[in-house]
Amino acid sequence: MDGERREARLRSWWPMNLHFSPDEDAFRDQVRTWLRENVPKEPPPMPGIESRAYDVEWQRRQFDAGWGGISWPREYGGCGFSLTQQLIWHEEYARADGPFMGVNFVGLSHAGPTLILRGSEEQKRFHLPKILRADEIWCQGFSEPGAGSDLASLRTRADIDGDHLVVNGQKIWTSYADTAQSQELLVRTDAAAVKHKGISWVICDMASPGITVRPIKSISGGAHFCEVFYDDVRIPISNVVGGLNNGWSIAMSTLAFERGTAFMAEQVMLARRIERLIGLAGDIKAPDGRRPAILDDEFARRLATVRAECAALRAMTLASVSRNARQELPGPEGSMVRLYFALLVQRVGALAMDMLGAPALAYDPQPHAWSHQYFYEFAQTIGGGTSEIQRNIIGERVLGLPKSA
Amino acid sequence: MDLLPTPEQELIVAASAKYLGAEMPVERLRRANGSDALALWPRLAEQGWFAMTLPESVDGGGGLGIVEEALVHRELGRYLAPPAVLGASLGARVATAADLPDMVARIVSGTARVGLASLQADGGWQLLDTAGADLYVGWTPASAWLWAADVAGADGTISIDPAISVAMMRTTPGVPVAQVPASRLPLSDVASVLLAAQLTGIAEAARDLAVAYASTRQQFGRPIGGFQAVKHQCADMAVACEAAYSMVKLAALCVAEAAVDASFAAASAKLVAVQAALGTSRATIQVHGGMGITHDCLAHFFLKRVHILEAVGGGLREQQARVLRAAID
């Protein structure tokens with residue numbers, strides 16, 4: 001940490017620049033070569049049993065080659081990469097058409113980092129190696145039917161019974177609950193406390209008796225969301241992370257992580273998608289049936305605009321990486337990048353639908369199909385904090401406006 | 001890779017911001033009559049803004065780069081500085097590239113004032129900041145020109161922006177003084193970056209005006225900024241400003257390093273900054289309610305300047321065409 005801090009201080013005296021150091025260039029070459037030779041040639045299958053095997057196998061191959069936890073510190077088996085190295089990795093990963101991490105997402109990007117920050121040594125030793133090797137798939141049990149944006153009003157109850165918690169209630173929007181072995185679960189352990197104070201963050205074994213999982217079919221046709229029901233589910237108190245009733249601050253550190261670095265890869269993938277769309281606009285006809293779509297005035301203007309906006313998204317990402325290299329925790333500015341990305345990706349989806357016209361109306365279940373992406377991206381302004389919540393954060397914590405009623 | 005200004009760059013910016021805040025508050029425009037530049041001129045030359053990027057061997061040359069200049073132009077935008085400041089900086093570049101040291105000296109010292117000329121679709125040129133202009137600078141992606149002002153027809157009339165006068169010329173803006181191809185001086189990219197920087201400063205100033213008003217104006221017993229309908233408009237302004245500012249820095253670095261995608265980055269910066277500045281200054285009028293539609297409220301000065309700067313060197317549609325045509329890395 002001292003070394004990192006020293007590096008961060010030195011960096012602040014470097015001139016503003018777009019150059020990577022010779023070491024970073026060498027790192028990029030190494031990453032590019034490995035990814036070119038190892039990224040699976042076959043596209044990921046539709047979500048389900050096969051896709052789980054595909055995701056697991058790909059994560060193991062990365063781990064075995066030393067690319068197991070890009071953002072994780074070395075002492076817990078991760079790569080210990082700097083933010084700039086992570087940026088390089090994500091850029092090259094997207095350039096190599098690397099698949100989305102799928103079922104490993106919650107473990108690698110949420111639960112693992114949370115355990116690293118707040119878990120006990122025993123919890124870390126037990127779970128972290130399994131997450132890195134994809135021996136343990138995780139899911140997230142935060143939202144409830146009555147607790148979405150107002151997450152702190154969650155009502156899933158955990159009563160203490162000896163050295164166990166007894167959990168009753170319901171979670172929703174739990175990705176991969178049908179294949180996960182472990183869950184990061186928020187429960188109310190003190191019903192009398194004010195709402196943010198009585199919550200605990202616990203590790204729930206998904207094989208525990210009393211758990212029922214019901215998949216939810218989404219508008220894009222996929223079904224990785226689930227409802228999870230808890231009926232007298234017993235969880236050892238030793239599975240509580242960071243102490244009883246401290247769950248809110250622990251959950252917030254996870255969400256800050258999501259708003260911090262998770263968008264690096266998305267930004268590069270979006271840029272590639274826009275270039276594909278521009279290429280497509282040269283191949284298909286405009287609505288008048290005579291010219292290519294790219295010569296249609298409206299499509300040309302919208303394509304140019306999203307192309308420029310995607311460049312701005314990259315600039316915001318670089319600025320955010322520069323900023324985060326100088327501070328310990330990502331600040332509220334991450335919400336601005338998140339919101340800009342979410343709205344932009346939705347505009348790109350809508351543009352593709354308008355441009356493709358009638359051919360886009362035939363149902364195509366492939367995840368890369370334009371219509372599939374169009375429907376899928378509606379989740380971008382909802383998951384991980386709706387765009388309304390992001391605007392509250394920006395208004396209050398970036399601009400200093402008064403809190404909403 | 002680093003996209004945050006260094007302490008040295010922040011010092012340069014702070015010096016400009018201090019002068020602008022003390023000597024050129026936006027409130028001055030309430031009494032403007034089409035010749036803001038004329039009123040301010042003798043003192044502006046002393047600030048070093050006309051020759052920031054010229055070598056120190058030139059009298060007044062700052063020896064800095066376009067990155068520092070863009071950061072300063074963001075401040076100039078914030079205070080709605082006369083477009084002739086940009087004219088001087090661009091004109092001095094053209095005169096330098098054309099090896100006209102006397103002309104450079106006249107521009108840098110403030111003796112000759114440079115207005116801006118923008119090519120129109122019909123082949124004519126729109127002149128900007130015409131009051132007392134001695135020279136005009138104009139450019140296309142392929143070439144840059146400097147003209148001596150042709151007295152006939154270039155008098156100009158007051159524009160929608162009360163600080164500035166404009167004129168429309170059917171042919172060239174004056175007597176040719178110099179022409180430089182883009183291969184020697186990519187003036188179009190430089191101009192796009194500096195215009196984008198000014199537009200970003202305007203967007204940020206408009207955002208700050210809206211946030212300050214929303215924090216103090218009370219209705220229903222509380223500041224209106226506590227209502228989500230207002231707060232979310234301000235949040236959208238903050239996001240647009242962050243996008244524009246980040247893109248300006250990225251584009252300035254690309255132009256400074258003559259990167260392959262410099263033209264793409266410069267055109268993208270202007271496009272994104274125009275959108276941010278239009279959206280923010282319009283929404284700022286709305287956040288001010290009835291006050292927003294008065295001449296006394298500063299919001300309209302920002303919006304009007306955005307329309308003026310958007311048109312310089314090719315408007316939004318022209319930027320869109322360039323962005324789509326551009327090669328990228």
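In this predicted model, strands β2 (residues 157-161) and β3 (residues 164-171) of chain A pair with each other in the antiparallel sense, and five bridges join them. A handy point of reference along this pairing is A:Ala158, whose bridge partner in β3(A) is A:Val167. The two strands form a hairpin with two residues between them, and here A:Gly162 adopts a positive phi near 65 degrees.

A:Ile219, A:Phe375 and A:Phe378 together make a nonpolar surface patch of about 290 Å². Of these residues, A:Phe375 belongs to helix α11, which covers residues 370-376 of chain A. The relative accessible area of A:Phe375 is 34%, so this residue counts as partly exposed, a class that lies between the 20% limit for buried and the 50% limit for exposed residues.

Turning to chain B, helix α6 takes in residues 187-216, 30 residues in total. Most of α6(B) is covered, as 25 of its 30 residues are buried.

The side chain of B:Thr284 places a polar atom 3.0 Å from the backbone oxygen of B:Ala206. B:Thr284 itself sits in helix α8 (residues 262-287) of chain B. With a relative accessible area of 0%, B:Thr284 is buried, because that class takes in residues under 20%.

Terms used:
Residues are numbered from 1 along each chain as its sequence is written. Chains are lettered from A and ligands numbered from 1 in the order in which they are written. This is a predicted model: local features need pLDDT of at least 70, side-chain atom pairs count only at pLDDT 80 or more; totals for chains, interfaces and linings use all residues. Side-chain values use heavy atoms; hydrogens and water are left out. Helices (H or I, at least four residues) and strands (E, at least two) are DSSP runs, numbered from the N terminus. The expected span of a helix is 1.5 Å times one less than its number of residues. Buried means under 20% relative accessible area, exposed over 50%, partly exposed in between (1.4 Å probe, protein chains only). Patches are made of residues with over 30% relative accessible area and no salt bridge: like charges are joined within 9 Å, nonpolar side chains (Val, Leu, Ile, Met, Phe, Trp, Tyr) within 5 Å. Accessible areas come from the Shrake-Rupley method with a 1.4 Å probe; for residues, only the protein chains shown count as cover. A salt bridge is a side-chain nitrogen of Lys or Arg within 4 Å of a carboxyl oxygen of Asp or Glu. Two strands pair if DSSP finds at least two bridges between them. A polar contact is a pair of N or O atoms within 3.5 Å; within protein, one must be able to donate a hydrogen and the other to accept it, and residues adjacent in sequence count only if both atoms are side-chain atoms.
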